[in-house]
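Grab a pencil and work through the exercises below. Each one sets a task and then walks through a solution.

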Amino acid sequence: MNDPIHGRPHLDAAARLDRRGALLPLLFAGGAALLGGCATARRPAADPAPTAGGETVFCPDGTRTFPNYLLRDQDGREVLFHDDLVRGQVFAATFGYASCKGVCTRIADSMGGASELIAPIMANPVRFYTFSLAEDSPTELRASMKARGLYGRPGWSYLTGPAETVRSIRWAFGFADPDEEADASLAFHTGMARFGNHPIDKWSSCPAMGNPVNIARVIVALFPPSRRPAFPALDFDGGNGARPIPGFRQVPALVAMR
Amino acid sequence: MSLSPSISRRRFFGGTALTTGAFAIHAHAGDNGNTDPPASPDTTPWLQRLPFAKHAVPLPPWAALDPLPIPAAHQRYDEFAPVKFYNMNVCEGLTRPHPQLASSVVTTYQGSVPGVTFMCRYGEPVLCRINNVLPDVIQGFGSSEIITHVHNGHHASESDGWPGDWFGPGTFKDHHWPNIYAAGDYREGKGTLWYHDHRMDYTAQNTYRGLAGFFLLFDFLDSGDENDPNPDALRLPSGVPDGDRIERCYDIPLVITDRRYDRNGYLTMDVMNMDGVLGDKHLVNGAVQPFFEVERRKYRFRLLAGGPSRFQQLFLSNGMTFKHIANDGNLLPRPRDTDSVYLGVAERADIVVDFSQLPASTRELYLVNRLDQTDPRKPEDELLPWEEAIQLLKFIVKPATGVPDPSRVPEILRPLPDMDTPVVRTREWRFDRSNGMWTVNGRLFDHDRVDAVFRRGTAEIWRISTSGGWAHPVHMHVEEQRVLTYNRVPVTSGPLFARKDVFTLKPGDEMEIYVRFRDWLGRYPMHCHNTVHEDHAMMVRFDVVP
């Protein structure tokens, strides 16, 4: 399937993960040297990741960057934060933990509702990530997703890793409380979602426990207007009074000489 | 007093940006995970003149918009039939805020940052067509979808810039700006307004990228002519610069903003910070630390804290007093002698500075911000020492010429309107935070949910408050209101004894406001004007109904 943003073949994270999962047994059978080479190419050699939380990482252009933290998903598969979850992806990211009965339930309801509204673009290209704040095991993540009716839904991943790693991811997405106690508290964990269209460096955020229609609108707005999937259910009542400019031709973007 | 060039205190004492390689910079967080991005390159102050936007130019009388406007799309269009028509493009452009910085791609109103200045008069209704001719894809921060709000405009809902009324490239929207007094009362007249983008979820990004400009309103009282023969005219210093045409211009709009640039000098924005965005470069009218030559006479300065998150307390560097004549662009009943004005984000202050009072030996003077703010959540309570004040603009005072100054600042400016509409109810609005989310009354903004139904022509008391460690400049659309009490103390004098559209709450503050909405119907927002908070749902919808 073509990437709706670039028009080139698109390989979403899940597909890549699945492919790697399928390849791994072959690699084991084929020899350790090949595995090592593959692992080296995929892992920390090019990894600018800090091993602990407490740092925000910026690119030289002043935007935030995302280290290649190693995580696991609900099925126990290894996932690299930057390479698999961020790079080239259009996604929504929330935070929670498996046994949460409060905020997470509302987040699951709202995000679940939003995913149904944009079902045709779920998984490809839009992906939903939830990062565990409590070092949940994949088994616990899987059980939680099943309890909330999210397991097996296209495009959904529940990810876990060391608490400091997840804290760094949370901070990288801008979800930090100035009160250290509140920041570390599971009971008051963030209800915000971070939305990103990484190829065009487009970022926004809104509450993850609000009206699913609003969440879905924010996600769809990540796409450039001319390449935006149409969902009549998301239209505003009464329109906005705008009309087409006669004879308008699309304008190329200006590029500053660097 | 001569001050050293502006220094970012955080750059020296706070942020410890460490380059760990060619590809990433690790900035240690302070007491939370949000910290400053890398510092902007050094720049030498006072290398460039203060720039001014050109005036918006209406269509000539023989020209017509194509296609024609649709009167039925607007409330009371025929009653306030436009006499001027504007056709304005929102397009990309390049701007270089300082000779030692690069030219960055920005979003502009009619190719200008700040946007072209609208010069309007009461009794002269306007129709402005805003064409979105942006590219489909804006790489990085900012959206190619827009909606324009005239801040403090008394406009019908469909022309007010409701955040959900955004429109994309290749489309236009007509805005009917009737330029009428609220309830027909000249005491409701406004002067210094500004217009900016209001696209839901992207207001901070779009305004940061350039979408803001001045919108000035004049009437028989504040006529914009210091030689006005009308005995009712105030004859305040007049003459608004029109681009490079600054001769005999003594009415000076100044939008004060802060921005950050990457190591190559390009505009950058940390869109991930939920608390707000602070820059380490201070701009006036889009230029980093410019200078402005002044004559030894009176000048009117229209000061605007352009945000997105920085508060200001503005002084002149020699500590001299000046006349504070308008709050939020609304003339005060009487001028105030003061040595500073405090501005929350989006607040305005009109002041008159009399440079003829300076000693002949004074050749330089600075407009400075002494409010200490290294945290986008709020400013500190204490002022910076003079030697650490942020220098914004250098005045170069020319020698006396003997040319008379016909302008004046009368003791009576614009009387306050009566608060004679009976109050029908009281509402509470608590600006707060819950689970890391910005809330009002514990709720998140929902475009489709009406949070208050207001009957047109009635009056209510709105009690707004905040808690925690955040400051919120709360903005109400469509009509200014009056502060009755501030932290339970009746307001009977001072800068708050005025008509206001931004109500700046510091942590723990509470205000009681006398609220009226007249003339227009429809949906309007009230929101925090730290636009990062606004974009993250710190907004409510109120509908004005018959």
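**Exercise 1. A loop glycine**

In which loop of chain B is B:G457 found? Say also how exposed B:G457 is.

Residues are numbered from 1 along each chain as its sequence is written, while chains are lettered from A and ligands numbered from 1 in the order in which they are written.

Step 1: B:G457 sits in the loop between β26 (452-455) and β27 (459-466) of chain B. Strands here are DSSP runs (E, at least two residues), helices are runs of H or I with at least four, and both are numbered from the N terminus.

Step 2: count neighbours. B:G457 has 13 other C-beta atoms within 10 Å, so B:G457 is partly exposed. The cut-offs are 20 or more for buried, 12 or fewer for exposed, and partly exposed in between, with C-beta atoms placed from the backbone.

Step 3: look across the chain. B:D519 is 62 residues away from B:G457 in sequence, yet their C-alpha atoms are 7.8 Å apart.

**Exercise 2. The sheet in chain A**

Work out the strand order of the seven-stranded open sheet and find its edges.

Step 1: in chain A the order reads β3-β2-β6-β5-β4-β7-β8, with mixed pairing. Two strands pair if DSSP finds at least two bridges between them.

Step 2: β3 (78-80) and β8 (202-207) of chain A each have a single partner strand, so one side of each is left without a neighbour in the sheet.

Step 3: from one strand to the next, the twist averages 30°.

Step 4: zoom in on one pair. β7 (residues 192-197) of chain A runs antiparallel to β8(A), and six bridges join them.

Step 5: Touching means contact: C-beta atoms, placed from the backbone, within 7 Å.

**Exercise 3. Where the chains meet**

How many residues does each chain put into the contact?

Step 1: chain A brings 63 residues and chain B brings 70 residues.

Step 2: on the side of chain A that touches chain B, β8(A) gives the most, with five residues.

Step 3: sort that side of chain A by type, and you get 36 nonpolar, 18 polar and nine charged. Here Ala, Val, Leu, Ile, Met, Phe, Trp, Tyr, Cys and Pro count as nonpolar, Asp, Glu, Lys and Arg as charged, and the others, Gly among them, as polar.

Step 4: follow a sheet across both chains. Its five strands go β9(A)-β8(B)-β6(B)-β3(B)-β4(B). β9(A) and β8 (residues 171-177) of chain B pair antiparallel over two bridges, where A:P244 partners B:T171.

**Exercise 4. Confidence**

What is the mean pLDDT of chain B, and which stretch falls below 50?

Step 1: the mean is 93, and 94% of the residues of chain B reach 70 or more.

Step 2: the stretch is residues 1-23 of chain B. Where pLDDT is low, the predicted coordinates should not be read in detail.

Step 3: for the complex, the predictor gives an ipTM of 0.89 and a pTM of 0.89.

Note on methods:
This is a predicted model: local features need pLDDT of at least 70, side-chain atom pairs count only at pLDDT 80 or more; totals for chains, interfaces and linings use all residues. Axes are lines fitted to C-alpha atoms, for helices over the stretch in contact, and angles run from 0 to 180 degrees between N-to-C directions. Two residues are in contact if their C-beta atoms, placed from the backbone, lie within 7 Å. pLDDT is the predictor's confidence in each residue, from 0 to 100.
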